[in-house]
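Have the viewer open as you read.

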Amino acid sequence: MAPTPAGNSGTRIHVVSDVHGNARDLARSGEGADALICLGDLVLFLDYADHARGIFPELFGEENADRLVELRTARRFEEARELGARLWSGVGGDRAALIEKAVRKQYAEMFAAFPTPTYATYGNVDMPTLWSEYAGPGTTVLDGERVEIGGWTFGFVGGGLRTPMRTPYEISDEEYAAKIEAVGEVDVLCTHIPPEVPELVYDTVARRFERGSRALLDAIRRTRPRYSLFGHVHQPLVRRMRIGATECVNVGHFAGSGKPWALKW
C-alpha cells in the first residue's frame with residue numbers, strides 16, 4: 001500500500017465487504033491507503049446478478065441456479081432446500097468435501113489478493129476454520145477482538161445470525177452478543193451484518209429484510225463509537241444514517257462496485 005503522503009499526518013483506511021470472488025479489484029483495493037479492512041463474505045456460492053458465476057452453477061449448471069434464485073427470492077426456502085437435496089443426491093462424492101475444495105480454490109485467490117496490512121473478519125458465507133491456512137503475515141484476522149490503527153481503536157465481530165438460508169457461519173444471538181460485549185468501547189465498530197434497523201437491513205432488490213443485530217444496535221447506543229461499519233445487505237434502502245453520536249455506514253457491495261469505502265482522520 002502507498003504510504004501516507006508527505007506532509008499529511010492523517011490516516012486513510014479503505015474498507016470492503018461482500019467481496020464474493022472479486023479478486024481483481026481486491027488486489028487494487030488498498031491503493032492510496034494505510035491499511036485495508038475486509039468485513040467478510042469472500043466466497044461466491046451463487047451470484048444473484050449473474051447466475052453463471054459461483055460454486056453452485058459450477059456444480060449444477062446455470063439453469064438450476066436460475067431456479068434456486070427464483071425460489072429464494074420468493075422466500076420459498078423449503079422448496080429451495082428440496083431442490084438442493086435433489087441435485088446433491090445426483091453428485092458422486094462427499095458433499096462437504098466438494099464444497100470445501102471449491103472454497104479452498106477461492107480462498108487461495110482471495111487471500112493472495114489482500115494488500116499489506118489487511119485486517120479482516122468473517123462473513124456469514126465464509127468458513128472460518130480455513131482462514132488460518134490462507135491468511136499470510138500481512139493479514140490479521142479478528143473476531144470479537146480489537147486492534148489499534150492510526151491511534152483509533154477498531155473492534156471486529158464477524159459472522160451472521162441464524163436464518164432459513166443456513167449459510168456456513170451463522171451463530172446464535174447469544175454468541176453474537178457475547179462477541180459484541182467482548183469488543184467493548186471502540187472508535188470504530190466493524191461487523192459483517194448491520195444493526196437491527198429496518199432501513200439498514202432491507203434489501204431493495206431481493207425484496208426482503210436481512211437479519212441485523214439488536215445487540216449491535218444496543219452497543220452503538222450505549223458505547224457511542226464514532227463509526228459503525230458493515231456490509232451484508234447488498235442493496236440497502238439506506239446506506240448511511242446516524243444513530244445518536246455514531247455514523248452507521250454500509251460500505252457497499254464490493255463484488256459489484258469494485259470500489260472500497262474510504263475512512264480518513
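In strand 14, Val 249 is the bridge partner of Leu 229. The two strands behind this contact, strand 12 (residues 227-230) and strand 14 (residues 246-250), pair in the parallel sense over four bridges. Strands pair here if DSSP finds at least two bridges between them; helices (H or I, at least four residues) and strands (E, at least two) are DSSP runs, numbered from the N terminus.

A word on the source: this is a predicted model, in which local features need pLDDT of at least 70 and side-chain atom pairs count only at pLDDT 80 or more, while totals for chains, interfaces and linings use all residues. Residues are numbered from 1 along each chain as its sequence is written, and side-chain values use heavy atoms, with hydrogens and water left out.

Val 249 also has Arg 240 standing opposite. Strand 13 and strand 14 pair in the antiparallel sense over four bridges. Their hairpin has two residues between the strands, and Gly 244 takes a positive phi near 60 degrees there.

Is strand 14 buried or exposed? Five of its five residues are buried (under 20% relative accessible area, with exposed over 50% and partly exposed in between; 1.4 Å probe, protein chains only), so strand 14 is largely enclosed by the rest of the structure. Thr 246, Cys 248 and Asn 250 are buried on one side, and Glu 247 and Val 249 on the other. In a regular strand, side chains alternate between the two faces of the sheet.

Stepping back, the open sheet has six strands in the order 5-6-9-12-14-13, with mixed pairing. Strand 5 (145-149) and strand 13 (240-243) are at the edges with a single partner strand each, so one side of each lacks a neighbour in the sheet.

Now for the pockets. A pocket is an open set of points on a 1 Å grid over the protein atoms alone, where a 1.4 Å probe fits, with protein on both sides within 12 Å along at least five of seven lines; lining residues have an atom within 4 Å of a point. A volume is the space filled by probe spheres set on the points, which are joined across faces, edges and corners.

| Pocket | Volume | Top contributor to lining |
|---|---|---|
| Largest | about 1,300 Å³ | helix 4, six residues |

The largest pocket is lined by 50 residues, with Tyr 48, Arg 72, Val 125, Met 165 and Thr 167 nearest its centre. Among the residues lining the second largest pocket are Arg 53, Glu 58 and Lys 105.
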